[in-house]
Amino acid sequence: MTVPATQTRISPPEPGAPSRIAALRNWSVFDRRFFGLAALPAFLAVFVITVVPLVVGLGLSFSSVTSTHNGVLPLTFANYKHIFDDSEVHTVLINTLIYVVLAVVLETLLGLGLALLMTRKNRAISVFRVIFLLPLTVAGVAAAISWDALLNTSQGWVDYFLNLAHLPQPNWLASATTALPSVVLVDLWSGVPVVTVIVLAALISAPRDPIEAALVDGAGVWARFRYVTFPAIRPALVLAALLRTVAAFQQFALFQILTGGGPGLNTTVLNFYVYQQTIVFNNIGYGAALAILLLVVMAVPLVILFVLSRRR
Amino acid sequence: MSIRADKLPTPPASRRPRRIIQRASGGVFTYVLLIIGAVFVLLPLFWLLSTAFKTPAAAFALPPKWISKPTTSNFTTLLTGQFGHSVLNSLIVAAASTAVALLLGIPAGYSFARAPVRGSRIINSWFILAYVAPPAVFIIPLYIIYQHLSLLDTYWGLVLAYETGLLPFTVWLMRVYFAEVPRELDEAAWIDGCSKMRALWRVVLPTVWPGVSTVGLLVGLASWGEYFGAAILTGPRTQTAPVAVYSFVGTLTTNWSELAAAGLIVVVPALIATIAVQRGFVSGLTFGAVKQ
């Protein structure tokens, strides 16, 4: 070792001064165990309110509990077998995949683009920054009812303006082909600003010197982004994508209010399907199995993003 | 000190006219894109704001009536009726969820930040899992459990369900904020004879107060606007405002002006709270991973 050992050693308390030991001696049992006791209530609470439902849910998923059949036993794999056999579930899984991929990819790209446009600060940009912050505070239900009215095919403003501009007026939420993309569009409204705000914060706090050095070296716009800006904001971008992935899988209000899963099964995603099976149709055991499936399906992209965030 | 690009002297205008034209058009392009984005963002908010003050008939008018005599009758009808009760329920649930999350989450966050809690890696992963797991995984079993404990349609039942996500979030975020406070601060207080509780309360907590208000805001906003759990676990007595808003949509003859007013009542308190706290909003959103 190059550093002399005496430098790292803590000097003994000076005689006369109240020693650390004396201060500690006055502490009560509560004080000595403080850190353990401080964490205990939260730890116990989280443990109870998450583990108990998970275990109960797992148990239910092997049972055939419905509104008419109340007994949990016998436990079978019937629900899971049903999941694999049911073509409805396949449709729902494909819808979920389309929805999550569309929403997350578009939100990440558009959010990044908007953040890059607003990096430079002037008075006008400050106004835009505030505007793009607004959707973050708006509850999903409020966003959903507004868009529901705006996209209404007979009385909505959007089709009215499209008509004025002699543009085609899609049936938005009512048609099988446009319903799911329309819900994605509304998801973009609340999702893009989340990515923008996070990436913008990273852009602003990124050191300026490398960018200026790249400028001096004559790097073009793309090279500056690819080799200087992007590495600096990558953690924030991955994090934003992660948050939006979680949100996309959990999305419920938009489906319930905008489409109710329809037309047909066209906008039924897994989270909504779980709700329908359990709460609406009372197939509680089957719904519990679907909820476990949701947890497993959701883990895949999260693990991928997590690995991406770790790679250097 | 780093030199910021916007403070650099601009090159003389005459030198490179082509560059300047390019730059100006780039600037115009930027603003065109930003304006398109802003219209997209503001459109539903504008619909909400204008429709909420219209009469039911004017709400359906096409072309949209931009200027019509504003009426507040939608709000008086709503707030004196069942919806007023729902708003109160939302306030109670949001306040209780925030209070519980902070009360349990602050000491735990402090503890995780300061003391090497045994198995903290596992606890951390568990907390993240609890936060990102879809609410359906917890709320549907809770629905069954609550049936047996008669906790359905109660405030505490809903608050407890919310804490499955909110409490891990609070602990995690408070840990990040406490970790930024130098350890020496607490140690100095201990040596001066403060008990650990007192040191946390009087010395450390005041330094992380902005963090506490951010967490409080995010937790409050989340429980104020939450829909999924409330739709399943509440009933006529404890129905929250978001669920009540949806019940307006369900009817065949949706009254748009009243619907918009109800939506606005959900949006405005959240907006005011955000403006009041503002600071740290982004760092809170990202679990403290991004500094503002």
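Four salt bridges are found over all chains of this structure, a salt bridge being a side-chain nitrogen of Lys or Arg within 4 Å of a carboxyl oxygen of Asp or Glu. This is a predicted model, in which local features need pLDDT of at least 70, side-chain atom pairs count only at pLDDT 80 or more, and totals for chains, interfaces and linings use all residues. Residues are numbered from 1 along each chain as its sequence is written, chains are lettered from A in the order in which they are written, and side-chain values use heavy atoms, with hydrogens and water left out.

**A salt bridge in chain A**
- A:Lys81 forms a salt bridge with A:Asp85, with the closest N and O atoms 3.9 Å apart.
- Both residues lie in helix H5 (residues 78–85) of chain A, four residues apart, about one turn of the helix; helices here are DSSP runs of H or I with at least four residues, numbered from the N terminus.

**Where chain A meets chain B**
- In chain A, 87 residues are in contact with 88 residues of chain B, contact meaning heavy atoms within 4.5 Å.
- The two chains bury about 8,000 Å² between them, 83% of it on carbon and sulfur atoms; buried area is the accessible area (1.4 Å probe) that two parts lose on being put together, summed over both.
- A:Phe35, A:Thr137 and A:Trp157 supply 10% of the area that chain A buries against chain B, more than any other three residues.
- Between chain A and chain B there are zero salt bridges.
- Helix H4 (residues 34–61) of chain A gives 19 residues, the largest share of the side of chain A that touches chain B.

**Two helices in chain B**
- The axes of helix H4 (residues 82–114) and helix H8 (residues 183–191) of chain B come within 11 Å and cross at roughly 105°, where axes are lines fitted to C-alpha atoms over the stretch in contact and angles run from 0 to 180 degrees between N-to-C directions.
- H4(B) and H8(B) are therefore roughly perpendicular to each other, the term for angles of 65 to 115 degrees.
- B:Tyr110, B:Ala113 and B:Arg114 of H4(B) make the contact with B:Arg183, B:Asp186 and B:Trp190 of H8(B).

How values were computed. Parallel < 35°, antiparallel > 145°, perpendicular 65-115°, else oblique.
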